[in-house]
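Reader: I have a two-chain model open and would like to go through it. Can you take my questions as they come?

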Amino acid sequence: MRVFYHFGKYYLFIKRAFGKPEKFSIYIDRIFEEINILGIGSLGIVAIISVFMGAVITIQSAFNFESPLIPLYAVGVAVRDSMILEFSPAIVSLILAGKVGSSIASEIGTMRVTEQIDALEIMGINSAGYLVFPKIIASLLFNPILVVFSMFLGILGGYLFGIMAGVVTDYEYIYGITYEFRPYNVIYALIKSAVFAFIIASVPAFHGYYTSGGALEVGRSSTKGVVYSSVLILAFDLILTQLLLS
Amino acid sequence: MIQVNNISKSFTGRSILKDINFTFETGKTNIIIGESGSGKTTLLKCMVGLNEIDSGEILYDGRSFFDLDFKGKKAIRKEIGMLFQGWCLVRLKTVEENVVFPLSMFTDMSAEEKRDRANFCLQRVNLNNANNLYPSELSGGMKKRVAIARAIAVQPKYLFCDEPNSGLDPKTSIVIDSLIKEITEEYNITTIVITHDMNSVIEIGDNIMFIYKGEKWWEGTKHEILKTNNQEICDFVYATEFMKDLKEKFQ
Ligand SMILES: Nc1ncnc2c1ncn2[C@@H]1O[C@H](COP(=O)(O)OP(=O)(O)OP(=O)(O)O)[C@@H](O)[C@H]1O
Ligand SMILES: [Mg+2]
């Protein structure tokens, strides 16, 4: 029963967040502000992780494909498909859930316990809309870009480290990554990442918004926000994979 | 004028406010006093709808707040300026941005007009050369003043202050108090001030309500409060030896 209660509360929260803005120009400014904080601020970590992941997948698959029956260009195929299908949309989203999710939950939670949210409400401002809507839109707009960026860097990382380690040749890797390439896979990844982006921004915001108490509870909300959004990402990963790829 | 009629409120079965009736008058500083935990903040939060009430009615110049729909409530809230017990400036904004914020939200002023208005309000509360500081760089008294400046920026009809001078030295307290009183009279605002501080009560209290354990125990003016013989009020007003001595000297 608690599940339904929380789901209903979450639904009403989202509905409020998408209520009519007091003033549109302010919301536009806020969206750019959030893109800057949530999106641009995550470029570094996404880049590092993607390059290393691409490199690791390359070296691991080259190691496993030692049989003479499997052509070496399969390494390129493996890197491309694992980056596009799963790694970039899902793992990057999980990492963002940790980084962005905890910052969203603690920011909003702190605003709640220091009465900043009450202050907004008293001014007649829809606090959920003002605080959360720009975060959700910023994530929806920017996370797919991050995901494409991650795909690109992962494949590039695989290339560079594969060549450097001498496990694959220049020609084979390039042949591999273009071999029977299905553009639909990228669309599929973008759909997934948009759904995850919504979860990453809204679930921690929800936990932060309904914090009560003090600094300790803010920490707790932040943890909850990250845990619930990660679990939801994994659940939706499974559901969407089933829906979109079967 | 704000009328509070028969307000009751309980939290999880514990009754906090019991059948409160009061009229807060326009152009006057209305003061709510009472011990810690007597329900002062709760009453204020009920009045603006941050806490739901169990029963009762609140009239803002005749408009019944709880009968209004969401939009109507919002319209009234735009006429309210409020100072919270904690500080509640937006942390990531500078002093000037904090004051400009409600203006950007609710008016169509140009950037320059907004800045002028913000500067005017900041000067009104005697806060000069602090425009580009962040709330974390301000002292307690400065924060209160920024909060007052922000509250008056949109020219509210109602100003609510929850302990505006808690944590301030006596001299700054008086400055803040008289500022609130001046603004109230200058713009003919209905002001409600919650306080623990008897100095403030004597200094600015036009119309006083004493809450005791969630009930309205007494009401009157600052002249009357010094003369009353009500035991609970005397315990509150003459809590310190100093005040007791003072009373004996007068009698
Ligand atoms: N959200 C809440 N949930 C449960 N109880 C609450 C809540 N808010 C306040 N209370 C209770 O209501 C009572 C009155 O609290 P309130 O904050 O109104 O006191 P106060 O008169 O403002 O005190 P102070 O002068 O210390 O600020 C307290 O006993 C408090 O425990
Ligand atoms: Mg209080």
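Author: Of the 246 residues in chain A, 48% count as buried (under 20% relative accessible area, with over 50% called exposed and the range in between partly exposed; 1.4 Å probe, protein chains only). This is a predicted model, in which local features need pLDDT of at least 70 and side-chain atom pairs count only at pLDDT 80 or more, while totals for chains, interfaces and linings use all residues. Residues are numbered from 1 along each chain as its sequence is written, chains are lettered from A and ligands numbered from 1 in the order in which they are written, and side-chain values use heavy atoms, with hydrogens and water left out.

Reader: How many helices and strands does chain A have?

Author: Chain A has nine helices and zero strands. Helices here are DSSP runs of H or I with at least four residues, strands are runs of E with at least two, and both are numbered from the N terminus. The C-alpha trace of chain A spans about 70 × 40 × 35 Å along its principal axes.

Reader: What share of its contacts comes from residues 24 or more positions apart?

Author: In chain A, such residues make up 85% of the contacts with a separation of 6 or more. A contact means heavy atoms within 4.5 Å.

Reader: I clicked on A:Ser139. Where is it, and why does it count as buried?

Author: A:Ser139 lies in helix α6 (residues 127-165) of chain A. It counts as buried because its relative accessibility is 2%. Leaving out residues up to four places away in sequence, A:Ser139 touches A:Leu38, A:Pro144, A:Ala197 and A:Ala201.

Reader: Now the interface. How many residues does each chain put in?

Author: Chain A gives 18 residues to the contact and chain B gives 25 residues. The buried area between the two chains is about 2,000 Å², with 63% of it from carbon and sulfur atoms. That area is the accessible area (1.4 Å probe) that two parts lose on being put together, summed over both. On the chain A side, A:Glu115, A:Ile122 and A:Met123 lose the most area to chain B, together 33% of what that side buries.

Reader: How many salt bridges are there between chain A and chain B?

Author: Four salt bridges link chain A and chain B, each being a side-chain nitrogen of Lys or Arg within 4 Å of a carboxyl oxygen of Asp or Glu. A:Glu115 and B:Lys45 form a salt bridge through their side chains, at 3.4 Å from N to O.

Reader: Which helices of chain A supply at least two residues each to that side?

Author: Those are α2 (24-39) and α5 (116-122) of chain A. The largest share, six residues, comes from α5(A).
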